[in-house]
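Subject: Structure handover

Hello,

Here is the structure I said I would pass on. My notes on what was found follow below it.

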Amino acid sequence: MYCGDPDASAVCIIQELLYLRSRRGCERMRVHTILKKIQLIAGLWTVMLSGCGVQVVPMGTNPKENAEHEIIRTPDSESVVLTVADWSDSTKAQRERLNAAFEKDHPNVTVHYTTLTQSQFNETVAAGIRSGNAPDLFPLPSSMSLQQAVNEQWYLPLDLYLDQAFFSQLRPEAFQNNVTMIQDVTYILPESLEIPSVMMFYNEEIARKADPNFDSDVPMTWSGFMEICRKITELGDGEYYGMITSGSQTNRIDLETRALCGLNGVTLGPPEQIFLKDNKAQFTSPGVVETLQFYTALSEEGLLHPDSAGLSAPEARKLFEQGKAAFIVQGSWCIPTWKESNPDFQFGVTYLPEPDHKFGGTFAAPFTKGWMGISAQSEHPDIAAEYLRYLYSYEYQKALMAPGGFVSIRNDLGAEDIQDPIMQEYVSKAQKQSRIIADPLTEYAAMEQVYAVLEPVSPDFGSICSGILSGNYEYGKELEIYDRRLLDSLRRAVEMVSQYQDIRLEDFNV
């Protein structure tokens with residue numbers, strides 16, 4: 001997306017063309033692809049938003065027709081460094097073994113693999129891509145829509161290098177419009193079959209020390225959860241606490257709080273989407289306020305680990321493993337990580353605590369998410385595609401499922417392939433406490449365009465919730481401002497996109 005007038009944007013694109021021509025391997029990229037951008041400038045809608053000209057690209061053309069790509073065949077004699085980056089730290093050990101196997105089978109290839117937290121990835125990847133330093137393979141940042149990434153030519157169409165025999169091995173959920181595909185062209189693939197990543201783990205020894213009759217098969221009420229956390233914190237006497245969380249990683253706090261709000265009757269949707277009710281945002285609704293009051297009570301009473309405000313998710317997981325807290329809300333990826341790093345650690349999985357007055361509720365199950373794709377900047381996309389074959393192979397995916405923490409997107413692997421009993425329990429409880437709802441993006445393609453031009457509001461919901469851990473208990477005004485500004489921003493974005501697409505504010509109601 002280019003900010004400014006069309007003439008200036010055309011100059012920027014010509015400069016990009018000259019830069020690309022100067023780069024090693026650029027002869028593989030057809031000049032036609034870059035010049036197409038110049039032709040599109042004349043058709044861009046230019047709208048003013050916060051003092052910056054935001055150019056909205058009309059939809060309706062097949063991305064395959066807007067670019068030509070020469071098929072690359074890297075000779076076996078050429079030395080290749082394949083760069084891969086993602087946020088899958090919980091499968092890093094397995095991935096390193098996969099990388100070693102890939103290098104053994106491809107002696108001319110060295111795999112450079114980097115893992116970051118998702119928030120770190122979101123902050124750094126876009127700058128790297130736009131500066132011409134994209135990894136060969138990388139996932140779509142959670143802060144970016146697939147339509148926007150395709151418009152900016154981040155990814156190559158996967159079917160340039162992967163055939164139908166490969167795609168047919170994956171579940172139908174892997175191929176969803178506006179999620180992994182644009183106009184029947186697949187650009188990215190899901191990492192796994194999506195299951196809730198917000199179930200509650202407990203330290204077996206600490207929980208039963210506080211309550212010998214602790215039953216992980218029965219959801220706790222908010223008051224019941226606070227009571228056991230009080231006992232645990234008192235017993236810990238500064239050594240361990242009731243609960244630990246990761247306040248510095250606001251995306252995790254955001255997910256955690258949204259799930260708790262769902263159990264309290266408010267469906268906020270995923271962080272990257274906006275769900276309205278009667279054309280209004282819901283962040284000041286009683287269900288949200290009550291949920292934040294529950295979190296406030298945990299913090300005010302000192303029932304949370306005192307370092308929670310400044311911890312990342314990996315740091316919080318490590319302290320939980322070390323016995324510094326009895327409970328943590330996390331995803332299934334923790335299971336194999338803890339078992340490998342600390343085989344003696346005794347832990348289990350239970351349900352999220354539920355409101356006393358609304359017991360038996362459910363939260364929305366996560367939608368399928370796009371993940372890994374091949375960079376349009378890659379000088380060796382054929383090698384990158386071969387790596388994807390290894391990444392989604394039956395052998396590797398089955399190996400990931402065996403220890404727990406992972407449900408494969410392959411159609412020949414299912415629940416019966418989960419060997420770990422804690423993982424079996426995790427999946428069962430997640431399914432019981434969540435409900436499946438339709439992803440609006442798959443029905444309303446223009447929503448992607450709305451989110452692409454949506455003016456972000458800061459501080460966002462995750463930041464407001466994280467502030468509670470730092471003692472900011474006067475967040476009522478912040479919630480009101482966030483709720484109002486978010487709705488205003490959505491109205492403006494819908495108004496822009498509705499000039500050329502069929503989209504209304506009512507389409508965001510759930």
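Before the notes, one definition: helices (H or I, at least four residues) and strands (E, at least two) are DSSP runs, numbered from the N terminus. With that in hand, Q249 sits in the loop between β10 (241-243) and α9 (250-263).

This is a predicted model, in which local features need pLDDT of at least 70 and side-chain atom pairs count only at pLDDT 80 or more, while totals for chains, interfaces and linings use all residues. Residues are numbered from 1 along each chain as its sequence is written, and side-chain values use heavy atoms, with hydrogens and water left out.

The chain as a whole

The protein chain has 19 helices and 15 strands. Of its 510 residues, 55% are buried; buried means under 20% relative accessible area, exposed means over 50%, and partly exposed is in between (1.4 Å probe, protein chains only). Contact means heavy atoms within 4.5 Å. Taking contacts between residues at least 6 apart in sequence, 76% join residues at least 24 apart.

The largest nonpolar core holds 147 residues, and F201, F225 and F327 touch the most other members. A nonpolar core here is a set of buried Ala, Val, Leu, Ile, Met, Phe, Trp, Tyr and Cys residues joined through side-chain atoms within 4.5 Å. Helix α19 gives this core its largest share, 9 residues.

Around helix α9

Back to Q249: its relative accessible area is 6%, so Q249 is buried. Leaving out residues up to four places away in sequence, Q249 touches T117, Q118, S119, L311, S312, A313 and P314.

G262 belongs to helix α9 and is buried as well, because its relative accessibility is 8%. With residues up to four places away set aside, G262 touches T362 and F363.

Helix α9 packs with helix α10 (residues 286-300) at an angle of about 120°, their axes 9 Å apart. Axes are lines fitted to C-alpha atoms, for helices over the stretch in contact, and angles run from 0 to 180 degrees between N-to-C directions. The two helices, α9 and α10, are therefore oblique to each other; angles under 35 degrees count as roughly parallel, over 145 as roughly antiparallel, 65 to 115 as roughly perpendicular, and the rest as oblique. Residues E256, T257, L260 and C261 of α9 meet V288, T291, L292, F294 and Y295 of α10. They divide into 6 nonpolar, 2 polar and 1 charged, where Ala, Val, Leu, Ile, Met, Phe, Trp, Tyr, Cys and Pro count as nonpolar, Asp, Glu, Lys and Arg as charged, and the others, Gly among them, as polar.

Helices α17 and α19

Helix α17 (residues 446-453) packs with helix α19 (residues 476-497) at about 125°, with 9 Å between the axes. This pair, α17 and α19, is therefore oblique. On the α17 side the contact uses A446, Q449, V450 and V453, and on the α19 side L490, A493, V494, M496 and V497. Of these residues, 8 are nonpolar, 1 is polar and none is charged.

Strand β4

T114 is in strand β4 (residues 109-115). T114 counts as partly exposed because its relative accessibility is 40%. Apart from residues up to four places away in sequence, T114 touches V84, A85 and D86.

Regards
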